[in-house]
Amino acid sequence: MSGYFPDIFSTPRGQLVTTAVVSGVAVATLIFGFQALEREERLSALKNSIPSISDEKHRTSRLNSFGASNETLEDKEDARNLALAQRAQAGDFDEELILEQLARNQVFLTPEGLDKLRKSFVVVVGCGGVGSHCTASLARSGVSKLRLIDFDQVTLSSLNRHAVATLADVGTSKVQCLQRRLMAITPWVQFDLRQQKFDGDVAAELLGSFQDGQKPDFIVDAIDNIETKVALLKYCYDNKLPVISSMGAGCKGDPTKIIIGDIGNSTDDGLSRATRKRLKLLGITKGIPVVYSTEQSGEGKAELLPLDQAEFEKGSVGDLGVMPNFRVRILPVLGTMPAIFGMTVANHVILSITGYPVDYAPAKGRDKMYDSIVNYVQSSEEKLARLFEPDMIGLRSPITAGDVAFLTEELYHARSVITGIPTRLMLIRWRRPEAINVSVIGQGGSEVQKCSTIRLRDLVCMTKDEAARHEKQIFKAGVKLEDLYDRETIDRVEKKMAQAAEYEKYRW
């Protein structure tokens, strides 16, 4: 074996192989060396292009928590606009010029109405396509105090729908972009910029008083994230703050279908539907005006495309968003639609603050139906409890009108799960419990509280006649579900109950 390699190298073939290997190694060494030299030269050029911190011609500034600059470089025009705005907000601006600029609004709203608008303080949460157009309209119309809340920055893709952003604004915060452009139009407007993400923990601070102690006259919800949207609307509802919410403008293209209505009646929109579900589970079924579109999806219309399989292979889809709970996919948006949504929101705010009469098409109230169903569930649970304990009285039910609204409208789409009939609807327990359906708290006398153990996932939607039959056969006669209903109906009910269980976690 020791003489094998010398024998190989002594042959012409062995010498050829050896020459080829040595040549390959030499060439590879040269290539890698050249590439390394190129990298070093590029790195050196890049480092040399970065201004020195000690260079007086360049100054550094800290980035905020979202990675954006807290400062906006100003050109000469920006400097003039800023100086004029500072003078105007200090009172050094001719009042006659302001009134002339707002003359058409004054004629429409009356001098008293315009005065109310000029003294108002409005908070806009979300300064993208909808929020930027709303803000620009409010400032141009006379609102003198605006708080703008948005954590995000202007991007190239923002320019198809943002009200005032230009290429020069790409990379700057959306709130700073709005102030920068609008102070050149309405220098007397006072801006309070909050470049941060809204959530329930900071609601009291972000929706609180202006610097002079004035409380918000109106709050605009232009958020496109479901978690923060619900938190904002819940806070405003609980604290009786006037608010209007913009639903989704994505995948919409018919401006004639945009309307203003109550949150309980908004339809045909994914964001609206999800918002309604969460709010109803929190006990809010009405009382919040919203701007939404009744446009239906259809063949040939824009849709939210499914996420590419390659993205799923990267891991948890939720980890792909720029922030937790924020959307991953790109939503198709026609640039004109957010503008119309934003203008419509601003229009509502202006008319509400000034007291201008409005006559929106009234929505059908369903409160009586919800109350009737609540009472039916209460009665049904009492009858069921007496099958186990005949003397049972004073049973309470945890089911509210909000729960009923969620189950009947959102989960069962106002139709019987048995036959699809949309009239005389009721909710009733699906399965007969094995033990008494009552939990008892306390002992003896008036301190005892008896409550039904019913949960959202236990209830199904039927007509009143179907519910009476169900109660008689399932609860009293002990008939099995499989003997009363076909397999298709049972599977349909089980699917709905699973959905109710999923949403039940948002109830508290």
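Reader: What is the order of the strands in the open sheet of 7 strands?
Author: This is a predicted model, in which local features need pLDDT of at least 70 and side-chain atom pairs count only at pLDDT 80 or more, while totals for chains, interfaces and linings use all residues. Residues are numbered from 1 along each chain as its sequence is written, and side-chain values use heavy atoms, with hydrogens and water left out. Helices (H or I, at least four residues) and strands (E, at least two) are DSSP runs numbered from the N terminus, and two strands pair if DSSP finds at least two bridges between them. The 7 strands form an open sheet with mixed pairing, in the order S3-S2-S1-S4-S5-S7-S6.

Reader: Which are the edge strands?
Author: An edge strand here pairs on one side only. The twist from one strand to the next averages 20°. The two edges are strand S3 (190–194) and strand S6 (258–262).

Reader: In which sense do strands S1 and S2 pair?
Author: Strands of a sheet pair through backbone hydrogen bonds, and the sense can be parallel or antiparallel. S1 covers residues 121–125 and S2 residues 145–149, with 5 bridges between them. Valine 124, for example, has leucine 148 in S2 as its bridge partner. The sense of the S1 and S2 pairing is parallel.

Reader: Which strands does helix H7 touch where it packs on the sheet?
Author: Helix H7 spans residues 174–182, and its direction makes about 165° with that of S3. Such angles run from 0 to 180 degrees between N-to-C directions, on axes fitted to C-alpha atoms, for helices over the stretch in contact. Contact means heavy atoms within 4.5 Å. The strands touched by H7 are S2 and S3.

Reader: How many of the residues of H7 are buried?
Author: Buried means under 20% relative accessible area, exposed over 50%, and partly exposed in between (1.4 Å probe, protein chains only). The buried residues of H7 include Val175, Cys177 and Leu178. Their cover includes helix H3 (76–89), helix H6 (129–141), S2 and S3. H7 is mostly covered, and the count of buried residues is 7 of 9.

Reader: Which residue meets lysine 174 in a salt bridge?
Author: A salt bridge is a side-chain nitrogen of Lys or Arg within 4 Å of a carboxyl oxygen of Asp or Glu, and the whole structure has 23 of them. The bridge to lysine 174 has an N to O distance of 3.7 Å, and it ties together parts 22 residues apart in sequence because one partner lies in helix H7 and the other in the loop between S2 and H7.

Reader: How far apart are the closest N and O atoms of aspartate 169 and arginine 181?
Author: Aspartate 169 sits in the loop between S2 and H7 and arginine 181 in helix H7, 12 residues apart. Aspartate 169 is buried with a relative accessible area of 0%, while arginine 181 is partly exposed at 23%. The two form a salt bridge, and the closest N and O atoms are separated by 3.0 Å.

Reader: In which helix do arginine 487 and aspartate 491 both lie?
Author: Arginine 487 forms a salt bridge with aspartate 491, at 3.1 Å between the closest N and O atoms. They are 4 residues apart, about one turn of the helix. An α-helix has 3.6 residues a turn, so residues three or four places apart point the same way. The helix that holds both is H17 (residues 487–503).

Reader: What is the nearest side chain of opposite charge to the buried glutamate 466?
Author: Glutamate 466 is in helix H15 (residues 464–476), and it is buried with no salt bridge. Lys and Arg count as positive and Asp and Glu as negative, with His and the chain ends not counted. The nearest opposite charge is 7.3 Å away, on arginine 469.

Reader: Which side chain does a polar contact of 2.6 Å join to glutamate 466?
Author: A polar contact is a pair of N or O atoms within 3.5 Å; within protein, one must be able to donate a hydrogen and the other to accept it, and residues adjacent in sequence count only if both atoms are side-chain atoms. The backbone nitrogen of threonine 463 lies 3.0 Å from a polar atom of the glutamate 466 side chain. The side chain joined at 2.6 Å is that of serine 416.
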